[in-house]
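Visitor: I have a structure open and want a quick tour. Can you walk me through it?

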Amino acid sequence: MKKVLEDNDDDIIVYVAPTKALVNQIAAEVQAQFSKSYHQNRDGRSVWAIHTRDHRINNPAGCQILITVPHILQIMLLAPSNAKAPNSWSRRVKRIIFDEVHCIGQFEDGIIWEQLLLLAPCPIIALSATIGNPLEFKAWLETTQKVKGFNLEMITHGSRYADLRKFIYEPPEFKDFQGLKPYRRLPFPGLDSGHSNEGSRQFTFLHPIGSLIRKDPVALKDTSLEPRDCLSLWRCMRKQSNEASPMPDALDPDKFFPPMIKKSDVVEWENALKQQLGEWMLHSKDQFDAVQQEILELSIDLDELIRNRANRDEPPKLVKPYFSLAVDLRSSRGLPAIIFNFDRLRCESIVINILNMLKSGESRYREEPKWKAKMAEFEKWKKANEKMQAKAAKRMSKNQGTDDESLNKFDMARDKADQEDSAWRRFYPDAPIAEFSFADETKLSKEELEERIESLKYCQVKPEFIDALYRGLGVHHAGMNRRYRQVVEILFRRGYLTIVVATGTLALGINMPCKTVVFSGDSVFLTALQYRQASGRAGRRGFDALGNVVFHDIPPQRVFEIMSSRLPSLRGQFPTSVTLILRLFNLLHGTNNSDYACNAVKSLLSQNRLYLGGPETKLAVEHHLRFSIDYLRRQNLLSKDGVPLNYSRIVGHLYYTENAAFAFHYLLNQGYFHTLCVDVMHEERQGEILLELMLVLCHIFCRIPCTRHKDQTWLAKVAHSSPSVILLPNLPPGAASVLQQHNKETLQIFQNYVKAYAAQHLDGVSDNQLPFTKQHAVGTRKACDMWGVLPTLPSTTIVSPFAALSGFNDDFKTIGDLCRMARSGVFLEESAIPYIPIAPDETNGVPWNAYIYDFFKHGDLKALSRDNEIRSGDAWFRLKDFSLVLSTIIASIETFINPNEDADIAMMDVQDAGDMIEESRGVDPGEHTENEYAGEGSTKAKVNDTVASGKAKGKKKVVLDSWEDEEISDSDADDENDPYAQLPSGSKQDSKDSSPQPGCAEEKQGEGMFKVYMAFSMLRDVFDTKFQKVWA
């Protein structure tokens, strides 16, 4: 970063982080470390900028250090306006830093990471501490960089600076809380170091070797030991040594170590011990088992733990075990701590319950004689102080105008000193009492604390969470207000907060130094990867010599499984999707086939080895590309010369919905939405139209299958008796007919692809691979046509011979059948084919969950959890996702009505209802004007203004001083023009990328498209208003 800033004023470095918390942290560090004055005082220039979908500071195109998330960077790299000229933004990027690059393995967003690694027009820096197959991943990355002329080196660190010590926590029998007791800040690391402490007895030490479940050398090598663990391991191994498998004398610590022992010497000893133990594991299993059993008995009594859990009177979900955990961590000097729980609502309830325990204990204390006596003394001092101030004021007025000014000043100084000497001046009777607070008040002044909390005044944060901040408690998850999360991060880093309860939002790389990480409660999300990531927050370099990892309310066997599981290998995904191909054509066309665009295409189409496994698949990828282009041409999205047509930008903007975008496009292109919205301006029909429009969208976007549809008991008890809509009604006949036709056309295109590829490249090639296990059946037969085996079977070309044995032929009914039953040797990825199965005919009768449709009708969040069985913590994100789809559709139609070359860049600013709520929070209510949510009555005025404007509304950029500041934007409104004045008609569309659509009349291009826009705008207003009402 320093080099880029020093070289010139134009070069750019991009920092990509997976979470907003990490984006904020990096921005704060950049702000603290770098500053620069630009020679040319150009508007919007800054050293750094933040850009996520819901948070933007400074101009991302005018900074030199951009800190962003993957989706935003992909939009910027694929935007033609960013790559047209030699000095365009994309061409000035000199480095891209990918933090937490292992996110490429994620199911949802992993494909974006993979595409970015391939798209990067410059050298990259990839950072991660949790990659299961680093050599394989490095080889793939190295190949992608060499194609672009860049070299790649891998730098590895095999050990942590601060070791980790693991424990299982079992809560004691709960006693009445009388207040937190004072404790000494001793320098001993580890929760079990202070054995005289009552709290430390609840933490049972776990030796990593004792927790090994997978007994193989790879798992053993992956185990990390601290020096104390190595010493106890050596002692046990020496004890179990025998003549057949002796313990080498060279491993004796007296002989192994030099007089001055360094960290590297301990690491070398650890590796030597694990190597010897690995040999016993392979060749002397009984000896290894004896060592492991002895280590396990030294560290943990497993049977006793299981008995304690079985005999526990209190259910683990009650608050007392959590409160006891917090108290024992404090008494064992284990704070500050982060408690990870992967249920958002549970995180909130834990903090609120600990807060209530503190407040109830404080309330009882305030009724005791000791506190009342203290308050009496305070009131006595208060009265005396008031008299002193009155006396001083009287003396002051008496001496005014006299010549004895020096005496006056002396008296004032004496009175002031008398007032400041009193300890009562720093006594705040309404503030939390120290014995009932986990806050470390030595780390932060009261004035700074009040300033931080004052910034949350208009953020609509629950009062309980504000009270918790005063007592050193915070909660952190993605559903919390952004500014509140920032305050929690700041106060925790400063040391004032000592306990934060969080989901995985704090697991990814964020610098939240703490002594202890607690995993509280089991969860399917608590994987080996999450465990490694989250435990890495404990014992951060420069803060602690040793970190603690505590497991609470998790069965011991599950703890062993988590600790001994190896990291998953990164396999990647097929990165060449049909929407990406369309966006690449848009990039090529928008930059006149520039070298930048051509290199991007070559990189994405030639480097799929991480997913596909080798260069021999390149031919299959090229054939897949060919037929994907054929599909785009048949859908009138590409001309024969590769020029994007018609609604291509709308599909490109909906890239994150992938195949659903093409279903939406087909309905739009065939005029279904135009016909549906003809009477949308008639108020008596608006409700009916919007409901049908919502039903169609629910069948396309954000779908969840309802797998309990065959459970008759559940149907009778819940689905049929509930006022909620649980099973999504069938598509309207018109929409169903259009989408079924789309799937038939898509099936024909890709069926031809398989036939062509099989005829050209697989003729005579044996097909003996079993479809599910991928094992090869033993045999010498060459032909794949099973007619040669059983003449009664039909002759086949592309169906698998094993499917043909069941009577299937080359006539497929659905794309799913084609992908499942096609012969081996053909690359077919169902997710990469632009279709969506239509319920119930193409989903084996499984209907979709009607959670979005029901929320639109009733606006009842509790019903989603109770009847639709959507987890309360997930509902926010699922509804947010749908709101983002609506906003993207509306913004895309705007750019179609009023073409703008910067339309692709403008998509970075599209926000869902949740993002808009985030923006509105933290702003003085008096400042809310045009940014407030609009009701249905204002939709027409807004649409008129948008359609008549002729260009996107710009924002005046203001360079901000701090990453905590909010951006200020100015927008002008003009709703005086005729909304139809500038609508494009079929005869007026003469641009290359907006040819008239086949089958759409001129009316549908003009007034019809405007009505579609009106309908979607109304739909979003109704949905977002209900969303805001529930979540504000």
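This is a predicted model: local features need pLDDT of at least 70, side-chain atom pairs count only at pLDDT 80 or more; totals for chains, interfaces and linings use all residues.

Visitor: How many helices and strands in the protein?

Guide: DSSP gives 40 helices and 13 strands.

Visitor: And what share of the residues is buried?

Guide: Of 1032 residues, 54% are buried. The exposed surface comes to about 48,000 Å². Carbon and sulfur atoms supply 50% of that area.

Visitor: What about contacts between residues at least 6 apart in sequence: what percentage joins residues at least 24 apart?

Guide: That figure is 76%.

Visitor: Now strand 1. Buried or exposed?

Guide: Mostly covered. Strand 1 spans residues 12-16, and five of its five residues are buried. One side carries I12, V14 and V16, the other I13 and Y15, and both faces are covered.

Visitor: Which strands does it pair with?

Guide: Strand 5, residues 93-99, pairs with strand 1 in the parallel sense over five bridges. Strand 4, residues 63-68, also pairs with strand 1 in the parallel sense, over four bridges.

Visitor: Which residues sit across from I13 and V14?

Guide: I13 has R95 in strand 5 as its bridge partner. V14 stands opposite L66 in strand 4.

Visitor: Switching to helix 3. Why is it called largely enclosed?

Guide: Because nine of its nine residues, 70-78, are buried. Among them are P70, H71 and Q74, along with I72 and L73.

Visitor: Then which residues other than glycine have a positive phi?

Guide: E658 is one of them, with phi near 45°. C702 is another, with phi near 55°.

Visitor: Where is E658, and is that residue buried or exposed?

Guide: E658 is in the loop between helix 25 (648-653) and helix 26 (659-669). Its relative accessibility is 16%, so E658 counts as buried; the cut-off is under 20%.

Visitor: And C702?

Guide: C702 lies in the loop between helix 28 (683-698) and helix 29 (712-719). C702 is partly exposed, at 26% relative accessible area.

How values were computed: Residues are numbered from 1 along each chain as its sequence is written. Side-chain values use heavy atoms; hydrogens and water are left out. Helices (H or I, at least four residues) and strands (E, at least two) are DSSP runs, numbered from the N terminus. Buried means under 20% relative accessible area, exposed over 50%, partly exposed in between (1.4 Å probe, protein chains only). Contact means heavy atoms within 4.5 Å. Accessible areas come from the Shrake-Rupley method with a 1.4 Å probe; for residues, only the protein chains shown count as cover. Two strands pair if DSSP finds at least two bridges between them.
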